[in-house]
Amino acid sequence: MKVLVAVKRVVDYNVKVRVKADGSDVDIANVKMSMNPFDEIAVEEAVRLKEAGKATEIVAVSMGVKQCEETLRTALAMGADRAILVETDAELQPLAVAKLLKEVVAKEQPQLVIVGKQAIDDDSNQTGQMLSALLGWAQGTFASKVDLADASVDVTREVDGGLETVKLKLPAVVTTDLRLNEPRYVKLPNIMAAKKKPLDKTTPADLGVDVTPRLKTLKVAEPAKRSAGVKVASAAELVAKLKNEAKVL
Amino acid sequence: MIYNAPVKDIRFALNALADLPAICALPGNEDCTVELVDAILEEAAKFAEGVLAPTNRAGDAGAKWSPDFSVRSPEGFKEAWQQYVEAGWAGLRAPAEFGGQGLPALVSTAAEEMWCSANLAFSLAPLLTLGAVEAIHHHASEALKAIYLPRMSTGEWTGTMNLTEPQAGSDLAQVRSRAVPAEDGSYRITGQKIFITWGEHDLADNIVHLVLARLPDAPAGVKGISLFIVPKFLVNADGSLGARNDVRCVSLEHKLGIHGSPTAVMSFGDEGGAVGYLVGEPNKGLNYMFTMMNHARLGVGIEGMAVSERAYQKAVEYARERVQSRAVGSPEATGVAIIQHPDIRRMLMTMKAQIEAQRALALYTAAALDRAARHPLPEEKARNQALVNFLIPIVKGWNTEQANEITSMAVQVHGGMGYVEETGVAQYYRDARITAIYEGTTGIQALDLIGRKTASENGVTARALLAEARATADRLAAAGEASLSANLSGAVVEAERCVAFILESFASNPRLAAAGSVPFLKLMGIVLGGWQMGRAGLAALSQQGQEDADADFLNAKLITARFYGEHLLPQVSGLAAAIVEGAESALALPESAF
């Protein structure tokens, strides 16, 4: 079974992001970039499926600037078999990414698509759902367990009330949550081998997709700083403040 | 205790100062590309930060010896070692034909810095294993290589160096361990070795000891020492592990630092003789050891710089969060983070500037090691070998002497909290101390520097390097960096004066040269470090104009280079005065007056 995973290049989770002076966006110049952690979990899951003999081929896909190649090489080093980069300097919003993925899926014909539930840069949490709608496939989002059979997949989902398990007919789209697995440390020989694995490039135009943004960013601002706290003299004063100032009691 | 691998600075030093692309272009390095090295650095950083660094504190509690002669490694080390082996890091520069990746020394040196910063005590196990791999690879028979190298290259088995004996420390001519030929062509080894790093442990299935010992008919002194492989477990013909060999760890030393690394007293032949196999030819053991000395000494220089880096990071972290006293010169009575205080700044800059200079010089040396091994032109090979020979004692001696100062400064930044163990910075201070001692004390490095590396080649390499430093100073002047240029060229003049003095006194009265040998080593470290910081400044200036330039990083590099020029390079004139004029007073007192 062929599995397709999508990986996004984002600002590394350790980086303290800064807003550009003009408030138009986050400043990513010379900032460390890495694979979106949820996508790392997606790649890891695909590799585990392959190691368990359930998947036969893993194709990693990324979209964006040329440097996304590095992110794809990481996916290859983790265990993906080959990679596809949809190269563009344009801003890509979730709907555009879902449309591009749909075209890649049409070419590759995977039985399972695994993507991160969201990217840690824009936290959209939309791509997987949009892709499943565009494809007309079943979706299992926020997966904390994936049990793959020949024609179906059982996905345990992390929902507000606890865990919910759904059985999806294949082909299907699965989006990963944090507890699905813990991605491995990449092995040195695999970094070396990744260099020789195939990485194909295409463009939105080649795939016939219009990626023009549908959403407009009005303003990007840093969260308001927390104001300093005050010491209260007694429990009574605290209760009074909670009632009258914070209005939470 | 968080460790952030300084990947950005390592990458800058690799590309802008050590010319990584040229090293990748050397014959035999075809698989190595700048992009690949980037990927390796990123993953090595993740591994060092995520797997090795968290075990460092637990390692300080030490390894445990048991009366059954076994040693239990500190908590978490065994799991970390397994991960290290599984991830293939043990094979970074191990020979490709035996399962390693055969990557350039330049690349492995960069990764080794991260292992050493993350957990110095742990990092000694792979470092010694690689040293043993190198010795066996270069000097042992094909049969021995086939048995030992595949599993040592992957880290499945570890290696040790058994040189020191109670009466034979820096002077290996005193080695007494004996090797007697057996009928089957192997040897029976008896004797006691001390200070054997990772001599016994539970990380790996087998430990391959490389042991210096004397054959019955061996001449006295250094020309009568042979090298033997003595495995902890004998290896059967099919490669499986056989009987336990007659070698055991009879105790562990109680040390000042690197507690996580078991330092063993090894006893060979208590039951009649440990089975050993001769490496290469008889009586050549010490020569064989010397062939890997350069790598090992570069490695210890990296250790010194790496533990300095870790201590520096800790000091910065503490200085940012510790609020104490109002800002100097401010009317505001509220306390500020101590990083705002000028003297804390001076200390942090002193640490940072030296670490960056040391990193650059160490990687420059590693690149020369690669060129000496693989350059197609014989004259370039020879020139780089001479560079390596000259720079190694400086990198080893200077980096480790300064590691003592830098880690001490990191304690100082913490004030009283640094002196108590709770903050963790004291561990770096204790761990750093050994680096200026083992693999040849600073005194031994300095004698090597003035004798074999300076006097015996009439100062050719020393003067060539100083000429390069002067050219860098000229370029800095042309680029408008007047202060750094003047400081560097002034230091070069002093250094040349000292080279002339060393050459002259070494011939006429070597005791005078020797009295100033350690100051000379430090002086060369400071000047050549300044040369590298000058080159770094020039690179920063030229990169500043480029598209996508990392303005903050390049600006910091330039300011750090200027600081180095104004705070470190002026020390050279004081050292020079002591070297050239101070030898007689150092030696004048009669021994009885001490």
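Buried here means under 20% relative accessible area. All views show a predicted model.

**View 1. Strand β7 of chain B and its cover.** Strand β7 spans residues 226-231 of chain B, and 6 of its 6 residues are buried, so the strand is largely enclosed by the rest of the structure. Burial applies to both faces of β7(B): Ser226(B), Phe228(B) and Val230(B) lie on one side, with Leu227(B), Ile229(B) and Pro231(B) on the other.

**View 2. Strand partners of β7(B).** Strand β6 (residues 206-213) of chain B runs antiparallel to β7(B) and is joined to it by 6 bridges. Opposite Ser226(B) of β7(B) stands Ala213(B). Strand β12 (residues 274-278) of chain B also pairs with β7(B) in the antiparallel sense, over 2 bridges. Here Ile229(B) has Tyr277(B) of β12(B) as its bridge partner.

**View 3. The annotated segment of chain B.** An unreviewed UniProt entry places the feature "domain: Acyl-CoA oxidase/dehydrogenase middle" at residues 161-268 of chain B.

**View 4. Helix α11 of chain B.** The helix covers residues 342-374, and its 33 residues should span 48 Å at 1.5 Å a residue; the end C-alpha atoms are 48 Å apart, which agrees. Of the 33 residues of α11(B), 26 are buried, so the helix is largely enclosed by the rest of the structure.

**View 5. A nonpolar surface patch on chain A.** Val230(A), Val232(A) and Leu238(A) make up the patch, with about 250 Å² of accessible area together. Leu238(A) lies in helix α6 (residues 235-244) of chain A. With a relative accessible area of 41%, Leu238(A) is partly exposed.

Key: Residues are numbered from 1 along each chain as its sequence is written. Chains are lettered from A and ligands numbered from 1 in the order in which they are written. This is a predicted model: local features need pLDDT of at least 70, side-chain atom pairs count only at pLDDT 80 or more; totals for chains, interfaces and linings use all residues. Side-chain values use heavy atoms; hydrogens and water are left out. UniProt positions are given in the numbering used here, feature names are shortened, and annotations may be inferred rather than shown by experiment. Patches are made of residues with over 30% relative accessible area and no salt bridge: like charges are joined within 9 Å, nonpolar side chains (Val, Leu, Ile, Met, Phe, Trp, Tyr) within 5 Å. Accessible areas come from the Shrake-Rupley method with a 1.4 Å probe; for residues, only the protein chains shown count as cover. A salt bridge is a side-chain nitrogen of Lys or Arg within 4 Å of a carboxyl oxygen of Asp or Glu. Helices (H or I, at least four residues) and strands (E, at least two) are DSSP runs, numbered from the N terminus. Buried means under 20% relative accessible area, exposed over 50%, partly exposed in between (1.4 Å probe, protein chains only). The expected span of a helix is 1.5 Å times one less than its number of residues. Two strands pair if DSSP finds at least two bridges between them.
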